[in-house]
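Work through the exercises below with the model open. Try each task before reading its solution.

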Amino acid sequence: MTCSIQEDLPFVLKPSEENFYTLVTNGALDRETRSEYNITITVTDLGTPRLKTQHNITVTVSDVNDNAPAFSQTTYTLRVRENNSPALHIGSVSATDRDSGANAQVTYSLLPPADPQLPLASLVSINADNGQLFALRSLDYEALQAFEFGVRAADRGSPALSSQARVRVLVLDDNDNAPFVLYPPQNGSAPCTELVPRAAEAGYLVTKVVAVDGDSGQNAWLSYQLLKATEPGLFGVWAHNGEVRTARLLSERDAVKHRLVVLVRDNGEPPRSASVTLHVLLVDGFSQPYLPLPEVAAAEARADPLTVYLVVALASVSSLFLFSVLVFVAVRLCRRSRAASAGRCSGPEGHFPGHLVDVSGAGTLSQSYQYEVCLTGDSGTNEFKFLKPFFPSILNQDLGRKSEGNPTFQNSLGI
């Protein structure tokens, strides 16, 4: 008799002893490819006619942990909107194992982040059994726009096999920031005043409002609008760039001071806005001194008392110096006046008015001369000084001629 099996199987029958056969493998078995075989053993005798008998057996291939878990994707991208509620389910990862039993049971865990500054343990968590990911706290787009981490899937075989996948979380922006005005500054200091000449043409650039928005996309698209003005129609604001320009020619009838309120609005849903106040001063020319607004001057005076103290001290020192100069000048003038009075003689004691020498009609001296003699009361001399006339040379010559021929003239003069 002969014994045989199908030829397309990785098994073979080998005779061991008479009427005994051994079923052995004829190649490597892979449970993941085929886990079960149905083998039909046919026994045929050599008689005529030949008779045969068949017997079916089933061979089950047992599992060996030779396959690591495999993720459905090598990289996962998850999106979550900012300001989410804590413990929010943001997505899942999935891995399968071709093995069976404990070798196919997969557990999930988070890998340490590549960036040591990333607080991954406080951001997300994963369910070890099914791979679901949860955000542990509310995310802020302005603080963290995206982050990555790794997930490991391991089976429970012995030895355990594992694989990894990357997860990238994108934080979606929410319109939670109002526009912030950079210029003019709105930090509580004295407002900035813009000067505009009265000769400015229509479309003259007065200033530009600069604002930013911490959001992104359409949430950060800003538009500008003139909300309030002291004189409507005089100024206008360009909607897209925030430039403030004159809408028409200026006239003398326009007020000197103008207050403009500009509204800055984003394009989010719902939209958020901020306002800024502009102070505009019309001047005849830029050479004209800048005069601050009264309220600004008062605020500056209140805000800086040290300046007031310095001004008062400077005024006091200046006044003291001027007073000292005036006193010095007055003392000098008084001393000069006293000196002049001491050198001048008084009339009753030593003044003898009249014509001491009057020679007219006799001789050649035909003019009258008047002399003043100043003598003190205790004077013991009879000498006095002769004051020279207006024409000294002519007078000396005439006196010489008269004195030579007239001794009486000499005695009358006391020469």
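The chain has five helices and 23 strands; helices (H or I, at least four residues) and strands (E, at least two) are DSSP runs, numbered from the N terminus. This is a predicted model, where local features need pLDDT of at least 70, side-chain atom pairs count only at pLDDT 80 or more, and totals for chains, interfaces and linings use all residues. Residues are numbered from 1 along each chain as its sequence is written, and side-chain values use heavy atoms, with hydrogens and water left out.

**Exercise 1. The chain as a whole**

Task: State what share of the 415 residues counts as buried, and what share of the accessible surface belongs to carbon and sulfur atoms.

Solution. Start with burial: under 20% relative accessible area is buried, over 50% exposed, and in between partly exposed (1.4 Å probe, protein chains only). By that rule, 28% of the 415 residues are buried. Next, take the surface, computed by the Shrake-Rupley method with a 1.4 Å probe. The total is about 27100 Å², and carbon and sulfur atoms hold 55% of it. Finally, look at contacts (heavy atoms within 4.5 Å). Among those between residues at least 6 apart in sequence, 62% join residues at least 24 apart.

**Exercise 2. The cores**

Task: Find the residues with the most contacts inside the largest nonpolar core.

Solution. Apply the rule first: a nonpolar core is a set of buried Ala, Val, Leu, Ile, Met, Phe, Trp, Tyr and Cys residues joined through side-chain atoms within 4.5 Å. The largest one has 26 residues. Its most connected members are Phe-71, Val-93, Tyr-108, Phe-147, Phe-149 and Val-167. A separate core of 20 residues includes Leu-234, Phe-235, Val-244 and Val-264.

**Exercise 3. Aromatic pairs**

Task: Classify the ring pair of Phe-11 and Tyr-37.

Solution. Rings of Phe, Tyr and Trp (its six-membered ring) pair if their centres lie within 6.5 Å; planes under 30 degrees apart are stacked, over 60 edge-to-face, the rest tilted. The whole structure holds four aromatic pairs. For Phe-11 and Tyr-37, the centres are 5.4 Å apart and the planes stand at 80°, so the pair is edge-to-face. It links distant parts of the chain: Phe-11 sits in β2 (residues 11–17) and Tyr-37 in β4, 26 residues apart. Both Phe-11 and Tyr-37 are buried. Phe-71 and Tyr-76 are also edge-to-face, at 6.4 Å between centres and 75° between planes. Ring pairs join Phe-71, Tyr-76 and Tyr-108 into a cluster.

**Exercise 4. An annotated span**

Task: Which residues does UniProt list for "transmembrane region"?

Solution. The unreviewed UniProt entry lists residues 308–331. Its positions are in the numbering used here, feature names are shortened, and annotations may be inferred rather than shown by experiment. In the model, residues 308–331 are 100% helix and 0% strand, with end C-alpha atoms 35 Å apart.
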